[in-house]
Amino acid sequence: MTGGATGNAAPSAPSARSEVLSLHDVRAGYEETTVLHGVSITVPKGAVVALLGANGAGKSTLLRTAAGLNGLQKGRIELLGEDVSKVSAHRRIQRGLCYIPEGRGIFRSLTVRENLALQAEAGDGATALERATEAFPALSDRLEQVAGTLSGGQQQMLAMSQALLRDPAVVLVDEASLGLAPVIVDEVFAFLEKLAARGVALLVVDQFVQRVLQIATHAYVLRRGRIEYDGDPGELLKSDIFDSYIGAD
Ligand SMILES: Nc1ncnc2c1ncn2[C@@H]1O[C@H](COP(=O)(O)OP(=O)(O)OP(=O)(O)O)[C@@H](O)[C@H]1O
């Protein structure tokens with residue numbers, strides 16, 4: 001589809017090879033609450049996909065569901081062409097998915113070194129440490145520091161380090177820039193761009209809508225758990241949907 005509003009209700013055809021991650025007619029939520037009502041999205045290889053929408057639209061729920069942390073009520077999720085709908089969250093990680101949650105998702109009472117060792121595959125702590133400190137030199141002086149005492153920006157760098165491990169095919173990033181100073185937000189976006197340049201597919205939720213759309217190759221807008229827009233990021237900026245549901249940064 002080349003841009004435009006969509007009901008997005010029709011079940012999708014089997015995925016093409018270039019798709020790294022796809023959700024097909026997904027219904028999901030929490031216990032008795034349904035938040036996503038038949039959502040279909042696709043993250044192609046090497047794409048940067050922006051997922052936008054107002055507060056409570058279901059963006060985090062969608063990422064959590066894709067990561068296997070929320071139960072699927074209906075529909076199908078494919079990772080690298082395989083149906084992973086019933087595959088556990090940790091097996092999805094092993095198969096190439098990396099999820100960086102809102103609120104950083106680090107172990108606050110453990111040191112930076114211990115966090116990196118946990119992010120790494122068993123026995124691969126040294127590589128984790130090397131890759132993280134190379135990408136984020138600020139972490140190298142703080143390996144023995146308890147993660148909860150790092151600044152917000154340093155915590156986010158630690159959280160993002162996991163995208164450098166296991167060579168993920170797709171990285172889901174939820175509100176990485178939340179609460180960070182502008183200069184650190186720049187670093188977050190620079191890091192996302194670097195990942196994308198290496199061919200990693202990204203699915204990004206971020207409050208800085210304009211900035212996400214600048215790096216995005218495709219955009220979706222969720223509204224009350226349904227896809228309202230599925231198309232070109234530039235077209236979205238000009239559309240009524242942008243003004244009504246998202247607004248300016
Ligand atoms: N653990 C939970 N249990 C029950 N309902 C939840 C839970 N987490 C989220 N919800 C509800 O699901 C809906 C979607 O929330 P979600 O966090 O996915 O939205 P969002 O688009 O990420 O919002 P925001 O931009 O405000 O973070 C909201 O109505 C929210 O109250």
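I began with α1, which lies across β3 (48-53), β6, β7 (170-174), β8 (201-205) and β9 and runs at about 150° to β7. Helix α7 (residues 182-197) also packs on the sheet, where it touches β3, β7 and β8, and its direction makes about 155° with that of β8. For my own record, contact is a pair of C-beta atoms, placed from the backbone, within 7 Å; axes are lines fitted to C-alpha atoms, for helices over the stretch in contact, with angles from 0 to 180 degrees between N-to-C directions. Helices (H or I, at least four residues) and strands (E, at least two) are DSSP runs numbered from the N terminus.

Entry 2, provenance. The model is predicted, and local features need pLDDT of at least 70, side-chain atom pairs count only at pLDDT 80 or more, and totals for chains, interfaces and linings use all residues. Residues are numbered from 1 along each chain as its sequence is written.

I read its order as β6-β7-β8-β3-β9-β10, an open sheet with mixed pairing, where two strands pair if DSSP finds at least two bridges between them. The edge strands are β6 (97-100) and β10 (226-231), each pairing on one side only. Neighbouring strands here are turned by 15° against each other on average, direction ignored. Strand β9 (residues 218-223) pairs with β10 in the antiparallel sense over five bridges, and Leu222 has Ile227 of β10 as its bridge partner.

Entry 4, the four-stranded sheet. This one is open and antiparallel, in the order β2-β1-β4-β5, with β2 and β5 (82-83) as edge strands that each pair on one side only. Strand β1 (residues 19-30) is joined to β2 by nine antiparallel bridges, and Ala28 stands opposite Leu36 in β2. The hairpin of β1 and β2 has two residues between the strands, and there Glu31 takes a positive phi near 40°. β1 also pairs with strand β4 (residues 72-79), antiparallel over six bridges, with Ile77 in β4 as the bridge partner of Leu23. I then found α1 again, lying across β1, β2 and β4 and running at about 115° to β1.

Which residues are around the ligand? I listed Tyr30, Thr33, Val35, Gly53, Asn55, Gly56, Ala57, Gly58, Lys59, Ser60 and Thr61, near meaning a C-beta atom, placed from the backbone, within 6 Å. The elements that give two or more residues to this shell are β2 (33-44) and α1 (59-67), and α1 has the largest share, three residues.

Helix α6 (residues 152-161) has seven of its 10 residues buried, so it is largely enclosed by the rest of the structure; buried means 20 or more other C-beta atoms within 10 Å of the residue's own, C-beta atoms being placed from the backbone. Among the buried residues are Gln155, Met157 and Leu158.

The domain assignment, automatic or from a database, gives domain 1 (1-96 + 167-249) and domain 2 (105-166). Their contact takes 11 residues from domain 1 and six residues from domain 2, and α7 gives the most to the side of domain 1 that touches domain 2, with four residues.

Terms used:
Two residues are in contact if their C-beta atoms, placed from the backbone, lie within 7 Å. A residue is buried if 20 or more other C-beta atoms lie within 10 Å of its own, exposed if 12 or fewer, and partly exposed in between; C-beta atoms are placed from the backbone.
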